[in-house]
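Colleague: Before I work with this model, I would like each label to be set against the rule that defines it. Please take the terms one at a time, with their cut-offs.

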Amino acid sequence: MIDVRSDTVTRPTAAMLDAMMRAKVGDDVFGEDETVNALQDKAAALFGMEAALFFPTGTMSNQVGIRVHVRPGDEVICSENAHVYVYEGGGIASNAGASVKLLRGDTGLFAAADVAAAINNRLDSHLAYSRLVSIENTMNRGGGCCWDIREIAAIATLCRSKALALHLDGARLFNALVATGETAARYGALFDTISICLSKGLGTPAGSVLLGSREKIALAHRYRKAMGGGMRQVGYIAAAGLYALEHNIERLAEDHAKATKLAAALRDLGYVERVMPAETNLVIAHLRVDAGAYVAFLEQHGIRAIAMGPRMVRFVFHLDVSDRDLDQILDVVDRFKSKA
């Protein structure tokens with residue numbers, strides 16, 4: 001079975017497993033796990049930020065990243081398609097007690113002008129206090145599209161002028177860096193906090209890292225503990241993250257190339273209404289047929305994709321999908337045209 005439902009389905013390579021088995025570990029709640037500390041230091045240095053904190057999941061990293069900026073009754077400005085809003089279990093409300101101002105658009109991208117228009121009058125006590133802007137890069141429901149760094153810089157400038165914090169859900173940020181040629185340090189200079197995921201395209205079994213100032217990461221440590229995120233000899237997992245940062249970033253271009261080929265093939269098929277621009281490793285197609293039936297057909301022919309709506313399907317490429325697998329996917333999606 002070729003699994004392109006998500007890049008979270010990857011399994012550690014033999015070299016990654018070897019690095020995990022050789023990890024030096026300690027009790028991370030006491031700050032004594034050498035490998036966790038090394039991962040945190042490496043991630044912070046890569047982005048030019050003061051500190052970092054290891055988390056078991058990207059959702060927890062995002063939710064703590066939001067919580068360190070807001071108080072109950074505050075408001076978070078983000079896309080209507082943002083992972084922090086759509087897929088994190090109402091965490092902004094339940095964890096931070098904050099409300100959300102949603103910016104429209106199916107790609108999930110927005111402009112500084114959109115943010116400016118969304119900021120509430122802080123002198124009006126009837127309105128939630130606009131405190132934080134959250135950006136997602138790449139944008140999952142936007143088909144893995146990448147932000148223009150110039151627009152991010154404009155939003156960052158606006159946020160600083162309006163005393164708003166800026167958080168980045170960078171679950172697939174390394175895909176964006178490889179696709180655009182931008183640097184991690186450039187991102188570190190623009191955001192107050194950044195969450196990076198290690199268990200998607202980078203191929204680790206689990207884990208995310210939150211980056212920020214020493215003050216914010218100290219507060220994040222407290223909130224991580226309160227959410228049950230304190231871990232013990234977790235260096236075995238952190239070692240996979242270290243390996244991934246050293247070996248698995250540049251190879252993301254291979255996943256992007258496969259996605260480009262599939263997107264081009266889908267655009268030529270009559271049962272596909274449109275394909276969102278495939279800038280990285282995701283391909284989202286809007287269909288003229290039922291997505292559930294389409295996904296069932298694919299699975300009958302050895303391919304697992306995911307329906308993201310009644311007529312919307314997603315394919316995600318990752319290190320476990322070979323060129324031969326891509327050929328099979330191309331053959332099966334072409335065969336479906338006889339069923340449509």
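Modeller: I begin with pairing: two strands pair if DSSP finds at least two bridges between them, where helices (H or I, at least four residues) and strands (E, at least two) are DSSP runs, numbered from the N terminus. This is a predicted model, in which local features need pLDDT of at least 70, side-chain atom pairs count only at pLDDT 80 or more, and totals for chains, interfaces and linings use all residues. Residues are numbered from 1 along each chain as its sequence is written, and side-chain values use heavy atoms, with hydrogens and water left out.

Colleague: How do you know that β9 and β10 are joined, and how do they run?

Modeller: Three bridges join β9 to β10, and the rule asks for at least two, so the strands count as a pair. They run antiparallel, and V272 stands opposite L287 in β10.

Colleague: Which open sheet do β9 and β10 belong to, and why are two of its members called edge strands?

Modeller: The sheet has four strands in the order β9-β10-β13-β12, with antiparallel pairing. β9 (272-275) and β12 (306-309) are its edge strands, each pairing on one side only. From one strand to the next the twist averages 30°, given that axes are lines fitted to C-alpha atoms, for helices over the stretch in contact, and that angles run from 0 to 180 degrees between N-to-C directions. Helix α13 (residues 291-300) lies across β10, β12 and β13 (312-316), and runs at about 35° to β13.

Colleague: Why is H286 called buried, and what does H286 touch?

Modeller: Buried means under 20% relative accessible area, exposed over 50%, and partly exposed in between, with a 1.4 Å probe and protein chains only. H286, in strand β10 (residues 282-287), has 16% relative accessibility and therefore counts as buried. With contact taken as heavy atoms within 4.5 Å, and residues up to four places away in sequence not counted, H286 touches V272, E273, R274, M276, R311 and M312.

Colleague: And what makes S99 a case of another label?

Modeller: The relative accessible area of S99 is 31%, so S99 is partly exposed. S99 lies in strand β4 (residues 99-103), and its contacts, leaving aside neighbours within four places in sequence, are D74, E75, V76, I92 and A128.

Colleague: What makes a group of residues a nonpolar core?

Modeller: The name applies to a set of buried Ala, Val, Leu, Ile, Met, Phe, Trp, Tyr and Cys residues joined through side-chain atoms within 4.5 Å. The largest such core has 56 residues, of which F47, I155, Y187, I194 and L211 touch the most other members. Helix α7 (residues 149-161) gives the most to this core, with seven residues. A second, separate core has 31 residues, including L269, V272, A278 and I329. In soluble globular proteins, nonpolar side chains tend to be buried together.

Colleague: How do you know whether the overall radius of gyration agrees or disagrees with that of a compact globule?

Modeller: The radius of gyration is taken over C-alpha atoms, and the globule rule is 2.2 Å times the number of residues to the power 0.38. For 340 residues a compact globule would come near 20 Å, and the protein has 20 Å, so the two agree. Of the 340 residues, 55% count as buried, and the secondary structure comes to 14 helices and 13 strands.
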